[in-house]
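Here's a quick briefing to read alongside the model. Have the sequence and the 3D view open as you go.

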Amino acid sequence: MARRVCSEERVWIEVLSAEGLSDAQIAKRLGRDRATVWRERRRCGGGDYCARRAQAGADARAARPRPSKLAADAVLGWEVQQRLDERLSPHAVSAELAEMGMFVCAETIYQACYDPAALSGLEAGTWNKLPRARRRRKPRSRCEQARRSPLGDYRPIAERPETAEGRDEPGHWEGDLITGKANRSAVATLVERSSRHTLVVGLAGGYDAQSTARAVAAALARQPAAMLKTLTWDQGTEMAKWAHIEKTAGIEVYFCEPRSPWQRPTNEQTNGILRRWLPKGTDLDIGAARLAVIEDRINTMPRKLHNWNSAQTIYNDLCRDHH
């Protein structure tokens, strides 16, 4: 069965639609079929896509006008009510009744407790019998499916080694994408924190997860093994194949918290420098040779933080000291 579009994917569709990406481009970023994105956007009228409105519509379509399990089974409803009156939690009620061969999940009990019309098989005001006795249920901002990141079981930046926080130990990298005109092209940037040595990685095949992983892994694999300890990236879907980078380059990949570019400060500053040669709104599909020239210019320019030595000089020294 096809996997339904979840709320997080709807947020991505809204963001990428606002950036001018086509259905096919959005589908590629999300790992979806183009028709899935096309249908999702058309359900909202085909104009400006709103994730909140789309999610509300999906919830309304998913609702089925059927009676509550407790309302349909008076005996089961009575058993649940008696145990709630004894101050058992919905989870405890569910477990106890399961041993008797009567099955009802805790979520069904919670919904019945908060039914304002008391049509779900329990007495009105049963919420007062719950352990915390909240008059209103605490909103569930994200469903379980929405909490599952397209990155999978990734390593958050909080688990990154403390040595990566400073700049004394070499081999810790930061990475990101910069996109070109109408987001049709992109390059990846990789910066070593100690030396500021920069790799400008072309993505001629596109910046979907597979293409990005292959290009980034290949660029890092050409560096000395001793200079590959960690890589920190944001939570963009282009890094969904981060495990391939770890396996190929022998480096541990960590991810920043959402909307926290300051957790990659070296990379953000380097992207600003790169924009001197690749201004916003330009086509970044300029070929590997031209990107190599730009990379060389960045790495060989004198840097005040290195007492006017270049990043290339510092990086070469570090490579010799940590071979």
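In what order do the 6 strands line up in the sheet? Going across, you get S1-S6-S5-S2-S3-S4, in an open sheet with mixed pairing. Keep in mind that this is a predicted model.

**The sheet**
- The edges belong to strand S1 (155-156) and strand S4 (198-202), and each of these pairs on one side only.
- Strand S5 (residues 230-233) runs parallel to strand S6 (residues 252-255), and the two share 4 bridges.
- If you want a spot to look at, Thr230 has Glu252 in S6 as its bridge partner.
- As a reminder, strands of a sheet pair through backbone hydrogen bonds, either parallel or antiparallel.

**Helices against the sheet**
- Helix H11 (residues 242-249) packs on the sheet and touches S1, S5 and S6. The direction of H11 makes about 150° with that of S6.
- Helix H12 (residues 265-274) lies across strand S2 (172-179), strand S3 (186-192) and S4. Relative to S2, H12 runs at about 45°.

**The nonpolar cores**
- The largest nonpolar core has 41 residues. Those with the most contacts inside it are Trp173, Leu190, Leu220, Leu231, Trp233, Met239 and Ile245.
- Helix H10 (residues 209-221) gives the most to this core, putting in 6 residues.
- Leaving aside residues up to four places away in sequence, Met239 touches Leu151, Thr212, Leu231, Trp233, Ile245, Val253 and Phe255.
- There's also a second, separate core of 14 residues, with Leu76, Val104, Leu122 and Trp127 among them.

Methods:
Residues are numbered from 1 along each chain as its sequence is written. This is a predicted model: local features need pLDDT of at least 70, side-chain atom pairs count only at pLDDT 80 or more; totals for chains, interfaces and linings use all residues. Side-chain values use heavy atoms; hydrogens and water are left out. Two strands pair if DSSP finds at least two bridges between them. Contact means heavy atoms within 4.5 Å. Axes are lines fitted to C-alpha atoms, for helices over the stretch in contact, and angles run from 0 to 180 degrees between N-to-C directions. A nonpolar core is a set of buried Ala, Val, Leu, Ile, Met, Phe, Trp, Tyr and Cys residues joined through side-chain atoms within 4.5 Å. Buried means under 20% relative accessible area, exposed over 50%, partly exposed in between (1.4 Å probe, protein chains only).
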